[in-house]
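These are my notebook entries on a structure that was new to me. I set out to look up the ligand site first, then the aromatic pairs and the backbone.

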Amino acid sequence: MSSWVACRASPSLALLKYWGKQEAGDNLPATPSLAVALGGLYTDTSVRLAEKDSLVVGGAPQDPGRSERFFECLRSRLEVSHRFEASSVNSFPTAAGLASSSSGFAALAAACARAAGREVPLEDLSAIARIGSVSAARSVFGGFVLLPAGAHSARQVFDASHWPDLRIVVAVTRRGSKPVSSRDAMRETSERSPFYRDWVSHSQALLPEALQALEKRDLEKLGDVVRTSYSMMHAVMLASRPPILYWLPATLAVIRACGELRARGVGAWETVDAGPQVKILCTVQDAELVTRHVRESAPGTETILCFPGDGVQPAFAAESAS
Ligand code: DP6
């Protein structure tokens, strides 16, 4: 048995959402996505060479079918025949709409490459991680990251130092996993929502606006596009037959709380992924106020303060995995 090696990655929060896959190709996104690495949250994945592939997340063995294709592509890209035993721990709730699959597959790809003794350019690592989960292509990079529609790899647009004052207040309205996985929900909406095609074409139009706002660090403009992107994505889901609704009363309470803050002149710009959690963009100066108002508006909601974080990196192998 080889020794354990480990890598750490942060979840990738989409400012512009990826939602839908291209019909042809191997897990390619139908829409462009622009994201920020959520510094402060992370997945640590330990890997060693083994007789067969396996993946355990937070102590729970995962369905091998979910990662089979990933391991096959990884071997072919790395030109190795090894099998990998992997154990992964999240510092935050798993499969709850906090993008654990983005950090999970990014850390897994990097740790497997290390275990196999391969130096892999980030662009290639991103393409490998994408096979596991499209959003994982972005988690390989730190700072602000773009994954164009149809692209195999993501790329960094700005590193984390571009916007050191930006904060993301993550409002966890409910721990525990979501009722429908984003993969299933995405497939259902692309087949059953009459708005899906419009979403794919409109999402493209948001990109230049978002990139410009990001370049200028214009929170108000960026926040406006961010809100449009997530609202359109959820509208597509709501129009699906049967409708898919991830929001809870607390989700809506936090969204409303952000509106109240903006009405008072405080920049609080929310986004919601495939789950009940809300992530709020604000400045470091406003972070405390935003946190307080969110907690008062949705009692029981936990908050985590994040910042633009780093890309995938080596970590210490977890004790539990040795
Ligand atoms: C709503 O990357 O988890 O978080 O590629 O099927 O694994 P698969 O989906 P995944 O979907 C993420 C969807 C999203 C938006 C985003 O992160 O861009």
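Entry 1, the ligand shell. I sorted the shell around the ligand by class and found seven nonpolar, five polar and six charged residues. The model is a predicted one, and I read every entry with that in mind. In total, 18 residues surround the ligand. The closest are Lys 21, Ser 133, Val 134, Ser 135 and Arg 183.

I looked up distances to oxygen atoms of the ligand. For Ser 133, a polar side-chain atom lies 2.5 Å from such an oxygen. For Arg 183, the distance from a polar side-chain atom to a ligand oxygen is 2.8 Å. For Ser 182, an N or O atom of the side chain is 3.3 Å from an oxygen atom of the ligand. I next noted how much of the ligand is covered: alone it exposes 460 Å², and the protein buries 95% of that area. I also checked where the ligand sits, and it is in the largest pocket.

I recorded a count of five aromatic pairs. Phe 71 belongs to helix α1 (residues 64-78) and Phe 84 to strand β7 (residues 83-90), so the pair ties together parts that are 13 residues apart in sequence.

I asked where a cis peptide bond is found. One joins Arg 241 and Pro 242, with omega at about -5°. I placed Pro 242 in the loop between α7 (219-238) and α8 (249-263). I also noted Asn 27, a residue other than glycine, whose phi is positive, near 55°. Asn 27 lies in the loop between β2 (12-16) and β3 (33-39).

Key:
Residues are numbered from 1 along each chain as its sequence is written. This is a predicted model: local features need pLDDT of at least 70, side-chain atom pairs count only at pLDDT 80 or more; totals for chains, interfaces and linings use all residues. Side-chain values use heavy atoms; hydrogens and water are left out. A residue is near a molecule or strand if one of its heavy atoms lies within 4 Å of it. A polar contact is a pair of N or O atoms within 3.5 Å; within protein, one must be able to donate a hydrogen and the other to accept it, and residues adjacent in sequence count only if both atoms are side-chain atoms. Accessible areas come from the Shrake-Rupley method with a 1.4 Å probe; for residues, only the protein chains shown count as cover. On a 1 Å grid over the protein atoms alone, a cavity is a set of points where a 1.4 Å probe fits but cannot get out, and a pocket is an open set with protein on both sides within 12 Å along at least five of seven lines; lining residues have an atom within 4 Å of a point. A molecule sits in a cavity or pocket if more than half of its atoms lie within 2 Å of its grid points. Ala, Val, Leu, Ile, Met, Phe, Trp, Tyr, Cys and Pro count as nonpolar, Asp, Glu, Lys and Arg as charged, and the others, Gly among them, as polar. Rings of Phe, Tyr and Trp (its six-membered ring) pair if their centres lie within 6.5 Å; planes under 30 degrees apart count as stacked, over 60 as edge-to-face and the rest as tilted. Helices (H or I, at least four residues) and strands (E, at least two) are DSSP runs, numbered from the N terminus.
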